[in-house]
Amino acid sequence: MTEYQQPVRGPFTEKLRLIRFRMRKESFQLADEVRIIPRGLVMFVIVLFVVAQLVAFTVNWYGIGNNGDSYWPEYSQTYGAIVVAAAVTGIGLPVACLLFLIGYVNRDARRRGMNSALWTLLVIILLPGTLFAGFIIYFLVREPLPYNCTECGSTVNARFNYCPNCKCNLRPACSQCRREVGDSDHYCPHCGQALSAS
């Protein structure tokens, strides 16, 4: 009876597998992720929203571009102003979310040690034709977050196997297949080797 062989993976597939394995150790809190959106961008979006509301209200109230008539003549001036505010809000919310996502990608790429300018540019370039393709690509291939070494406490890139400060083994590996194993594993999940013996 032949022994079952693991499928051979390419280097790109193996890198994605390793990234997903290491990202499982990250703790995700929505409030923490929202906080990395630049405050300047949040203020810019709020100011832009207020200006858009004022311009739309003024255009509708004075009938600018419509011979002095309201754009919604079937409504009174007050209800027309409410309709205009609702329309601007309906258009403004998706635009604001899109701008916040771009700001998030910029800051998140920087804190993960990736090229933030390149990823922001890629997301913006892919935005008109494919809308969310740039964001999907980013979230699939982004690097895991750096973390602190268990021995010396210095910040270490998540791709490193050994701490450059104290040479601590950050990624225990199986002695037989050389693949990464968990800290609490007793047997290698890839080849079955007993890790206590290695």
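1. Basis of the note. The model is predicted, with local features needing pLDDT of at least 70 and side-chain atom pairs counting only at pLDDT 80 or more, while totals for chains, interfaces and linings use all residues. Residues are numbered from 1 along each chain as its sequence is written, and side-chain values use heavy atoms, with hydrogens and water left out.

2. Asp108 belongs to helix H4, residues 77-111, where helices are DSSP runs (H or I) of at least four residues and strands are DSSP runs (E) of at least two, numbered from the N terminus. Asp108 counts as buried because its relative accessibility is 0%; buried means under 20% relative accessible area, exposed over 50%, and partly exposed in between, with a 1.4 Å probe and protein chains only. Apart from neighbours within four places in sequence, Asp108 is in contact (heavy atoms within 4.5 Å) with Glu33, Ile36, Tyr138 and Arg142.

3. The salt bridges of Asp108. The whole structure has five salt bridges, a salt bridge being a side-chain nitrogen of Lys or Arg within 4 Å of a carboxyl oxygen of Asp or Glu. Asp108 takes part in one with Arg112, at 2.9 Å between the closest N and O atoms, and in one with Arg142, at 2.8 Å from N to O. The Arg142 pair links distant parts of the chain, since Arg142 sits in the loop between helix H6 (133-141) and strand S1 (147-148) and Asp108 in helix H4, 34 residues apart. Through shared partners, salt bridges join Glu33, Asp108, Arg111, Arg112 and Arg142 into one network. Arg112 is buried, as is Asp108, and Arg142 is buried too.

4. Arg35 and Asp32 form a salt bridge whose closest N and O atoms are 2.6 Å apart. The two residues are separated by about one helical turn, because they are three residues apart in helix H2 (residues 30-35). Arg35 is exposed at 56% relative accessibility, whereas Asp32 is partly exposed at 38%.

5. Aromatic rings. There are four aromatic pairs in the structure; rings of Phe, Tyr and Trp (its six-membered ring) pair if their centres lie within 6.5 Å, and planes under 30 degrees apart count as stacked, over 60 as edge-to-face and the rest as tilted. Phe132 and Phe135 make a tilted pair, with 6.0 Å between centres and 45 degrees between planes; Phe132 is partly exposed at 39%, and Phe135 is buried at 3%. Tyr138 and Phe139 are edge-to-face, because their ring centres are 5.4 Å apart and their planes stand at 70 degrees. Tyr138 is buried, with a relative accessible area of 0%, while Phe139 is partly exposed at 33%. Ring pairs also link Tyr104, Trp119, Tyr138 and Phe139 into a cluster.

6. Helix H3. The end C-alpha atoms of H3 are 35 Å apart, in agreement with the 34 Å that its 24 residues should span at 1.5 Å a residue, the expected span being 1.5 Å times one less than the number of residues. Its buried residues are Leu41, Val45, Gln53, Ala56 and Asn60. Leu54, by contrast, lies in H3 (residues 39-62) and is exposed, with a relative accessible area of 52%.

7. A backbone feature to check. Lys167 is not a glycine, yet has a positive phi of about 65 degrees. Lys167 is placed in the segment after strand S2 (155-156) and is exposed at 67% relative accessibility.
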